[in-house]
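Hi everyone, thanks for coming. Today I'd like to walk you through how two parts of one protein sit against each other.

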Amino acid sequence: MSFSPKPGDPTWVDLYTTDLDRAIAFYGELFGWTAERGGEEFGGYTTLRKDGRVVAGAMGRHDDPGDPYPDRWTVYLNSPDALATTAAASAAGGTVIVEPMAVADLGAMAVLADVGGIGVGVWQADTFAGFDAVGLVADGTWTDHVGVPSWFELMTRAYDESLVFYREVFGWRDTMTIADTEDFRYTTIHAVPPMGGGILDANGHLGEGVPGSWTVYFGADDVDKSAEQAVALGGTVAFEPMDTPYGRLAGLIDPTGAHFSIGGNPR
């Protein structure tokens, strides 16, 4: 599906990894991605493509004793004004981790911790809008999804507070609550397809001490085979493939510890 992000929509993902070469090999085998390494002016930032379409980025992690977090995928939300977004985030109870900074003529980026303490990126586009394509997920059916970002999910223990935060900071206005029971509370970014992603109340879903996070789902033609392949390539399974009303899903961890998920149509 072609991609025209609205303000607040997920518009980019990138991987921060201790072993860029291994990551390129792992995701290349798993999803059929090719890698284009950037020059010194971009710190070697690597662009990842599926069938020629830009789908993600990656950069090598430098030794930084001040960074206690593991290797990770970061989800970036679209902003028409990164400075205004970071100011709104601070006013709404978030924290600015990386102040807005220009990235050549591509755009401007920032990184926040939301009201629940979960990291999220901000992207203000100039010449680079973000993904060339995303998969479409509607009524449990995954379309045009194989090897491309298809869903974006915030798992947070601060569910109610996060809904207020993202509405105030990123302008989420047409959200839809699809479940509101004691066992399952979920709100999507949009009320009609493409919904783009959603917020899950992680209370009761995450183990004690396991932090919440933004997670990207990449589409898979066969979720079970892709999970098996990830293990054969040195990754691990965080949660086994399962059929849900929203498709067949699995959680994976790449060889250096970055979490991501895969999704596709039920078996």
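Let me start with the ground rules and then go to the interface.

This is a predicted model, where local features need pLDDT of at least 70, side-chain atom pairs count only at pLDDT 80 or more, and totals for chains, interfaces and linings use all residues. Residues are numbered from 1 along each chain as its sequence is written, and side-chain values use heavy atoms, with hydrogens and water left out.

The domain assignment, with bounds from an automatic or database source, gives us domain 1 (9-125) and domain 2 (148-264). Their C-alpha centres lie 18 Å apart.

About 2900 Å² is buried between the domains, and carbon and sulfur atoms give 74% of that. Buried area here is the accessible area (1.4 Å probe) that two parts lose on being put together, summed over both. On the domain 1 side, Phe26, Leu30 and Ile118 supply 19% of the area buried against domain 2, more than any other three residues.

Now for charges: the count of salt bridges between the domains is 0, taking a side-chain nitrogen of Lys or Arg within 4 Å of a carboxyl oxygen of Asp or Glu.
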